[in-house]
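Open the model in your viewer and keep the selection tool at hand. This tour goes stop by stop.

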Protein chains: 2
Amino acid sequence: MSTQYWSNVVDKLTPYVPGEQPKLANLVKLNTNENPYPPSPLAIEAMRGEIGANLRLYPDPNADRLKQAIAALHGIGMQQVFVGNGSDEVLAHVFQALLKHPQPILFPDITYSFYPVYCQLYDIEYRTVALSESFEIRVDDYRPGNGGIIFPNPNAPTGRLLTLAEIERLLAANSASVVVIDEAYIAFSKNQTSAVPLIARYPNLLVVQTLSKSHALAGLRVGYALGHADLIEALERVKNSFNSYPLDRLAIAGATAAIEDTAYFEKTRQAVIASREALMKDLQSLDFEVLPSQANFIFVRHPKRDASELAKSLRERSIIVRHFKQPRIEQFLRITIGADEQCAALVKALREILG
Amino acid sequence: MSTQYWSNVVDKLTPYVPGEQPKLANLVKLNTNENPYPPSPLAIEAMRGEIGANLRLYPDPNADRLKQAIAALHGIGMQQVFVGNGSDEVLAHVFQALLKHPQPILFPDITYSFYPVYCQLYDIEYRTVALSESFEIRVDDYRPGNGGIIFPNPNAPTGRLLTLAEIERLLAANSASVVVIDEAYIAFSKNQTSAVPLIARYPNLLVVQTLSKSHALAGLRVGYALGHADLIEALERVKNSFNSYPLDRLAIAGATAAIEDTAYFEKTRQAVIASREALMKDLQSLDFEVLPSQANFIFVRHPKRDASELAKSLRERSIIVRHFKQPRIEQFLRITIGADEQCAALVKALREILG
């Protein structure tokens with residue numbers, strides 16, 4: 001391969017590798033944290049209604065309808081809402097617009113593995129901060145003098161939730177830098193302990209959410225960020241210097257209807273939570289250590305069986321889960337909470353494998 | 001506004017301002033170069049078929065189906081195709097991956113006004129090269145020793161087409177840098193003189209196209225780049241360090257079907273070309289100077305009437321066209337080729353205004 005024409009940044013990139021999207025049917029797919037339920041029927045209807053001649057016209061570059069729905073859901077102003085093509089695109093803009101500073105940014109050693117990739121892409125220095133032995137974020141380890149702080153809550157791939165009181169302590173101690181709470185999985189926290197209510201008091205707080213998991217719309221690519229209008233303005237400037245229309249007409253229509261269908265959201269999130277609690281018990285009864293999870297996945301290890309071997313054996317039975325070859329967690333498997341019949345298939349397969 | 005938390009780059013940005021997307025009905029909207037015809041019925045059908053429970057699943061991050069269709073259309077390999085969320089996103093990645101070099105890049109003084117914005121976003125130095133007095137690109141003015149070259153062909157907002165022979169001369173003279181031909185409007189060139197066939201012989205050529213105008217899918221956000229596999233690999237690395245899934249399931253399905261419906265494409269492009277030729281004559285009969293256009297818009301000026309005044313008068317009659325307050329072209333209007341009844345409404349209004 002000739003790299004003659006490449007910009008310098010390209011040579012140094014080690015791109016993110018998303019969880020596999022196999023093209024085989026009949027798999028029990030528990031590897032990318034998708035919601036086991038279909039999207040809201042109202043969202044389906046809204047997308048159907050949007051398909052037609054108007055697709056010849058550009059979408060609203062500001063996606064105002066969607067911003068209004070999100071603002072209403074969270075009881076904040078529209079100018080406190082930024083929307084993008086999945087939370088991955090939102091996060092990319094966040095790194096470039098709010099986390100690129102002379103001092104290194106901080107994130108946990110075990111976390112979403114896209115963060116260091118964004119740092120490479122935008123030439124941002126970072127330091128990782130070790131989770132505790134039980135894989136908890138210790139806010140006192142995030143010392144002021146950083147260029148920003150980011151982590152998911154619940155954290156991925158551990159599933160562990162940090163309390164709002166701890167987040168508030170972190171925000172107060174780091175008022176000179178932006179703290180980004182990536183709430184991709186917050187919908188599955190029992191009491192939905194989102195940090196959004198703290199936005200009113202902390203101008204350095206940015207909360208990122210996505211419809212991919214919470215609203216079963218991974219296939220539609222819609223994410224958003226909430227924060228003080230000054231933070232949102234920075235994101236808008238970068239977005240409008242990158243791509244005027246990241247959300248197509250169908251995504252705007254579907255996401256708006258999904259956000260507004262709060263009854264369906266509540267029903268499906270409770271179903272996932274119930275399945276998670278049951279699956280945790282089932283795996284504990286098979287001697288797995290299961291980290292306490294408030295996400296739509298669990299992070300487990302078996303005291304006697306190698307994780308990559310277990311993943312391989314599951315795969316032979318058409319069940320795919322995610323294994324990260326990474327220090328500290330190489331003996332863990334991350335398992336998405338499927339529908340009850342998928343969870344049952346997993347437990348049955350594990351019972352066979354463990355003998 | 002407090003900019004305390006902003007990265008340095010944000011302060012310096014002057015974001016791109018897209019053409020207005022007014023929320024009023026009953027406008028004759030000739031300001032953003034949308035196709036006057038609806039998308040292919042097969043594309044509509046494909047999108048309808050994709051709406052359902054599977055939207056809970058992530059899309060194919062590589063959009064292989066779509067890449068296959070594009071590769072087949074152009075008679076090239078899949079590894080020579082890059083796809084993105086509209087050609088604006090594709091261009092953003094092109095600037096970061098292939099146009100950021102120690103030497104300044106070159107583009108015309110009158111061209112797509114997003115180019116200098118990308119340069120700001122990625123801190124890329126550029127020089128503009130003046131078009132001729134008749135607004136033509138003179139390839140001899142693009143001297144080797146540059147960091148790259150980019151322009152639309154047909155150029156925007158002039159509509160003028162550069163011949164393939166001239167493009168080949170440019171490619172040969174600048175073999176040390178990437179030459180990007182932005183073919184957003186090439187579908188409306190009578191003989192479709194795309195530079196794609198030159199890809200096989202020039203590893204420094206990248207061609208960018210979009211379905212927004214050519215396939216009446218501005219509302220769906222799909223663009224692509226074609227070139228040597230080494231150039232495409234650079235784009236893939238940046239894309240996979242930015243957002244794994246920029247194309248949602250509906251966009252992949254709709255774009256694939258639209259690309260495959262070559263009969264509908266040919267029919268609608270010929271209709272737009274015929275309307276353009278008729279409108280050019282009508283405006284010439286109203287004393288307008290009309291630049292020769294091979295795009296789905298025309299660029300016109302009246303010898304006796306101020307362009308911004310004309311735009312204002314048209315707007316009062318619910319007809320919107322685009323006016324750029326920019327040296328050399330401030331007396332021009334860019335007018336999208338609408339359906340015949342829209343063109344007729346425009347001509348009637350202009351006749352009234354000119355008295």
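Select D287(A). This residue is exposed, with 11 other C-beta atoms within 10 Å. Here a residue is buried if 20 or more other C-beta atoms lie within 10 Å of its own, exposed if 12 or fewer, and partly exposed in between, with C-beta atoms placed from the backbone. D287(A) has a positive phi of about 75 degrees, although it is not a glycine. Its place is the loop between α10 and β9 (289-290) of chain A. Helices (H or I, at least four residues) and strands (E, at least two) are DSSP runs, numbered from the N terminus.

A word on the model before moving on. It is predicted: local features need pLDDT of at least 70, side-chain atom pairs count only at pLDDT 80 or more, and totals for chains, interfaces and linings use all residues. Residues are numbered from 1 along each chain as its sequence is written, while chains are lettered from A and ligands numbered from 1 in the order in which they are written.

Next, select S318(A). It too is not a glycine, and has a positive phi of about 65 degrees. Look for it in the loop between α11 (307-316) and β11 (319-320) of chain A. S318(A) is partly exposed, with 15 other C-beta atoms within 10 Å. Most residues other than glycine have a negative phi, and most peptide bonds are trans.

Now go to the loop between β5 (149-152) and α6 (164-173) of chain A, where P154(A) is found. The peptide bond from N153(A) to P154(A) is cis, with omega near 0 degrees. P157(A) lies in the loop between β5 and α6 of chain A as well. A cis peptide bond joins A156(A) to P157(A), with omega about 5 degrees.

Colour chain A by domain. Domain 1 covers 19-38 + 263-354, and domain 2 covers 41-260; such bounds come from an automatic or database domain assignment. The domain centres, taken over C-alpha atoms, are 25 Å apart. Their contact takes 23 residues from domain 1 and 19 residues from domain 2. Two residues are in contact if their C-beta atoms, placed from the backbone, lie within 7 Å. On the domain 1 side, α10 (262-285) and β10 (297-301) of chain A each supply at least two residues. The largest share, 5 residues, comes from α10(A).

Show both chains. Here 70 residues of chain A are in contact with 70 residues of chain B. On the side of chain A that touches chain B, α4(A) gives the most, with 7 residues. A rotation of 180 degrees with 0.0 Å of shift along its axis superposes chain A on chain B (RMSD 0.0 Å). The two copies are thus related as by a two-fold rotation axis. Copies are superposed by least squares on the C-alpha atoms of residues with pLDDT of at least 70 in both. Select R48(A): of the residues of chain A, its C-alpha comes closest to the axis, at 3.3 Å.

Last stop: chain B. Which residues point each way from strand β2 (residues 81-84) of chain B? V81(B) and V83(B) point one way, F82(B) and G84(B) the other, and all are buried. β2(B) pairs with β8 (residues 223-227) of chain B in the antiparallel sense over 4 bridges. Two strands pair if DSSP finds at least two bridges between them. F82(B) stands opposite A225(B) in β8(B).
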